[in-house]
Structures are given as C-alpha cells and as structure tokens.
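Me: I'd like to learn how to read salt bridges and helix packing in a protein model. Can you walk me through it?

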Amino acid sequence: MTGPGEPARRGPTPGHLLVGLLLAALGVYTVALLWIEFATSQAHVRHYFSDVETSRPFFAINTTLSVSLLWGTALAFAFAARSAMRRGAQPAFYVSQAALFWWLGFDDRFKVHERIGFRLDVGDHYVLLAVGAAQAASLALLGGRRHLHGRALWFLAAGVALSVAMLGLDALAPHDMRLRLSLEDLAKTWAAVAFFAFGWTYVERELAAGR
C-alpha cells in the first residue's frame with residue numbers, strides 16, 4: 001500500500017515482461033551450456049564456443065553481414081514495440097516483425113530451412129516461401145495502411161523484390177552458372193539491407209512520437 005501523497009506503484013508493463021522473458025531465455029541458455037560441459041567434457045562443448053577460424057581471411061563474411069542486418073532489424077522492431085507499449089499503443093505488428101526477422105537471422109546462421117527441406121524431402125526454397133507467406137499474413141492482418149506507407153513501404157518492397165530474386169536464382173538458375181552464387185548471396189545481403197532500413201523507419205517514427 002502507498003501512503004498519503006505517495007504515487008501509486010505500477011505493476012509490470014508488457015515491456016518489462018518482454019525483457020524478463022529475454023533474460024530468462026538467456027539464463028536457460030547459460031545453465032544449459034554449463035550443464036552440458038559438466039555432464040560431458042570440455043572437448044564435447046568446445047564447438048558451441050568456437051570462434052570462426054580458418055586460414056582464409058574474411059571467411060563467411062557475407063553470411064555474417066546478412067545475419068547481423070537481419071538481427072539488427074529484429075532489434076529495431078523490438079525497440080519500436082517497447083516504445084509503442086510505453087505510449088499505450090498496440091505493438092502487435094512490431095512484435096510480429098521482430099520475431100520474423102529474428103527467425104530469418106537464426107535460419108541464415110544455422111541453415112534451418114535447408115535442414116527442414118531435407119527432412120521433408122522438398123526443395124528448401126519452399127520452406128522460405130512458407131515463411132514469406134507468414135510474413136504476408138502478418139503484413140496484411142497487423143500492418144495495413146496504418147503501418148505500411150511512405151519510406152517503409154518502399155524499403156519493404158525492395159527487400160521483397162531482392163528476396164524473390166534470390167529464391168529465383170536458387171530454384172531456377174543452373175547450379176554451375178557463372179556468377180550464380182555471388183548474385184544469389186549478394187541479393188540476400190541487399191535484401192537484408194533493405195529490411196534493416198524498413199525496420200529503422202519505425203524506430204524513427206517511434207522516436208518522433210515520443211517527443
């Protein structure tokens with residue numbers, strides 16, 4: 001209880017709960033890795049902590065750049081969601097985008113859609129198309145004209161076009177075609193740049209709304 005003249009204490013906000021969930025997930029991750037080494041050996045757990053080491057300079061630099069941009073996009077939307085919640089606005093669109101771009105970064109880093117495609121015995125590009133369909137549903141149901149306008153819409157369109165080009169090269173171009181690999185992966189990276197710009201427009205909107 002509060003005394004006379006004291007401000008009422010507020011309960012935890014959705015933003016606090018989100019931060020709490022992230023910290024709890026990090027705690028579980030920490031305990032899990034400690035337990036794995038305790039139950040097995042340092043040699044067994046070493047690959048979880050290994051640096052990317054190779055005699056080739058800039059090994060996996062394009063994947064590193066792409067993953068960083070996708071996770072940066074997720075972080076931008078998480079910030080926008082937090083800001084919207086503090087203003088009392090509905091953060092569902094921001095949360096959906098934060099989750100989707102986190103997943104895309106996770107997938108790019110750990111080759112999840114390739115593994116799923118192999119297990120289901122389908123082309124892995126079909127798995128990415130399913131993710132694209134989920135994104136389209138999120139944009140239609142949670143985005144709409146309220147969120148998708150101006151520069152954000154242009155950046156989103158650029159990211160989608162580049163992603164379609166990447167999928168087209170992956171699915172249709174001859175495997176040994178000259179420049180195929182570079183064009184496919186660079187299309188992915190530039191799509192990630194466009195998506196990061198897409199996410200950043202909402203950071204700017206939220207900063208402006210909070211003034």
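This is a predicted model: local features need pLDDT of at least 70, side-chain atom pairs count only at pLDDT 80 or more; totals for chains, interfaces and linings use all residues.

Me: Is lysine 188 buried or exposed?

Reply: The general idea is that under 20% relative accessible area means buried. Lysine 188 has 16%, so it is buried. Aspartate 108, also at 16%, counts as buried.

Me: Which residues are linked with Lys188 in a network of salt bridges?

Reply: That network links Asp108, Asp185 and Lys188. Lysine 188 meets aspartate 185 at 3.9 Å, N to O, and both lie in helix H8, three residues apart, or about one turn of the helix.

Me: How many salt bridges does a search of the whole structure find?

Reply: It finds six. Another one joins arginine 87 to glutamate 206, with the closest N and O atoms 2.9 Å apart. Arginine 87 is in helix H3 and glutamate 206 in helix H8, 119 residues apart. Arginine 87 is partly exposed at 42%, while glutamate 206 is buried at 4%.

Me: At what angle do H3 and H8 pack?

Reply: Angles under 35 degrees count as roughly parallel. Helix H3 (residues 61-87) and helix H8 (residues 180-209) pack at about 20°, with axes 8 Å apart, so they're roughly parallel to each other. Their contact has 19 nonpolar, eight polar and four charged residues.

Methods
Residues are numbered from 1 along each chain as its sequence is written. Side-chain values use heavy atoms; hydrogens and water are left out. Axes are lines fitted to C-alpha atoms, for helices over the stretch in contact, and angles run from 0 to 180 degrees between N-to-C directions. Helices (H or I, at least four residues) and strands (E, at least two) are DSSP runs, numbered from the N terminus. Angles under 35 degrees count as roughly parallel, over 145 as roughly antiparallel, 65 to 115 as roughly perpendicular and the rest as oblique. Ala, Val, Leu, Ile, Met, Phe, Trp, Tyr, Cys and Pro count as nonpolar, Asp, Glu, Lys and Arg as charged, and the others, Gly among them, as polar. A salt bridge is a side-chain nitrogen of Lys or Arg within 4 Å of a carboxyl oxygen of Asp or Glu. Buried means under 20% relative accessible area, exposed over 50%, partly exposed in between (1.4 Å probe, protein chains only).
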